[in-house]
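Thanks for coming, everyone. Let me put the model on the screen and walk you through a few places in it.

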Amino acid sequence: MTAVHSTRMLILGSGPAGLSAAIYGARAGLAPIVVQGIQPGGQLTTTTDVENYPGFRHVIQGPWLMEEMQAQAEHVGAQMMWDTIVDVDLSQRPFKLTGDGGAIYMCDTLVIATGAQAKWLGLESEQKLRGQGVSACATCDGFFFRGKKVAVIGGGNTAVEEALYLTNHSHDVTIIHRRDSFRAEKILQERLFKHHGIKVIWDTEVAEFVAGEGNEGLIALDLRNVKTGETSRLDVEGGFVAIGHHPATELFVGKIDLDRDGYMKVTPGTSLTNVPGVFACGDVMDKIYRQAITAAGTGCMAALDAERFLQEQDYPVPEDAEKVAAE
């Protein structure tokens, strides 16, 4: 028999945004269900040292932080479900969602906190050295490279912004771009070209991330000129891949308004999407900040917005969830 779950608030995603929404939703008596998705805990579960989350004087571990947030959400009444949603029907309330095992989820409000994943170059050496000198977030990890030589790979707004940010910590920043001009906004390019601490290597791609002996981590980048084929080596201790992000919004194409990059559109200053009763928070709607603390903040907003929506609608819990699901 198909399992049917009914809730006032369904939350997709279990990173800082989703779990914060769960905590606030549970405290409001909404008994939220959190569908954890393919990466329970979100991107922080792949992050080792976290030094910029408020409330901790010493470095903490990303997986530990997410375990604590989940435990807090469960303690106040949220329910965690190990499932992945494969189909969404937002044409009427209650909304109907289907898990990959066939389970049905009926909800009066839906909070989407499915996040976004950094794009990577796809090199095996890149994967091996993630967290050991290779990163996709300068604002997250730049502090650990104070006074060290670093490189940024990319040519868009993110790459230029991260290079400029890294000059707060490093006197030797290099941008590596496979083309002969940046795609970044002109004002950002002007700031970069005026900065004496940043060098640019054009028409070049990273062929390999080079590890030191033992547990030394990243020590260099092997480079290849895309026009001449010439190879070279750049000694660095930090390599920041900045070639964009993939928001996890594939399920909602044609159902919720997305911007040209695939991020969910929300009413400014809120978590409201264009579908009444559906709210978005965290990296799935934030292409600018992408921090755990901002994700948590928007998760709080989404829960409060959902609670207010339910109060205004005075929308009842379905009495026969199985009957609704079968229609």
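Start with the sulfurs. Cys 137 and Cys 140 form a disulfide, with their sulfur atoms 2.2 Å apart. A disulfide here is a pair of cysteine sulfur atoms within 2.5 Å. Searching the whole structure turns up one disulfide.

Before going on, some ground rules. This is a predicted model, where local features need pLDDT of at least 70 and side-chain atom pairs count only at pLDDT 80 or more, while totals for chains, interfaces and linings use all residues. Residues are numbered from 1 along each chain as its sequence is written, and side-chain values use heavy atoms, with hydrogens and water left out.

Back to the bridge. Which hand does the disulfide of Cys 137 and Cys 140 have? The torsion about its S-S bond is about 65°, so the disulfide is right-handed. Now for accessibility. Buried means under 20% relative accessible area, exposed means over 50%, and partly exposed is in between, with a 1.4 Å probe and protein chains only. Cys 137 is buried, at 14%. Cys 140 is partly exposed, at 28%.

What about other cysteines? Cys 107 is in no disulfide; its nearest cysteine sulfur belongs to Cys 281, 14 Å away. Cys 107 is also buried, with 0% relative accessibility. Then there is Cys 300. Its sulfur lies 10 Å from the closest cysteine sulfur, in Cys 281, and that is too far for a bond. Cys 300 counts as buried, at 16%.

Next, a sheet. In general, strands of a sheet pair through backbone hydrogen bonds, either parallel or antiparallel.

Two terms, quickly. Helices (H or I, at least four residues) and strands (E, at least two) are DSSP runs, numbered from the N terminus. Two strands pair if DSSP finds at least two bridges between them.

How many bridges join S14 to S15? Seven, and S15 covers residues 218–225. Thr 204 stands opposite Asn 225 in S15. Glu 208 has Asp 222 of S15 as its bridge partner. The hairpin of S14 and S15 has six residues between the strands, and there Gly 214 takes a positive phi near 65°.

On to the other pair. S15 and S16 run antiparallel over five bridges. Leu 223 faces Ser 232 in S16. Five residues sit between the strands of this hairpin, and Gly 229 there has a positive phi near 80°.

Asp 203 has a phi near 50°, a positive value in a residue other than glycine. Asp 203 sits in the loop between S13 (198–201) and S14. Is Asp 203 buried or exposed? Buried, at 13%. Ala 31 is another non-glycine residue with positive phi, near 45°. You find Ala 31 in the loop between helix H1 (16–27) and strand S2 (33–35). Ala 31 is partly exposed, at 47%. There is also a cis peptide bond, from Arg 93 to Pro 94, with omega near 0°. Pro 94 is in the loop between S6 (85–89) and S7 (95–99).

Of its 19 lining residues, the closest to the centre are Asn 157, Thr 158, Gly 244, Asp 261 and Lys 287. Helix H5 (157–166) and strand S18 (245–247) are the elements that give two or more residues to the lining.

How is a pocket defined? On a 1 Å grid over the protein atoms alone, it is an open set of points where a 1.4 Å probe fits, with protein on both sides within 12 Å along at least five of seven lines; lining residues have an atom within 4 Å of a point.
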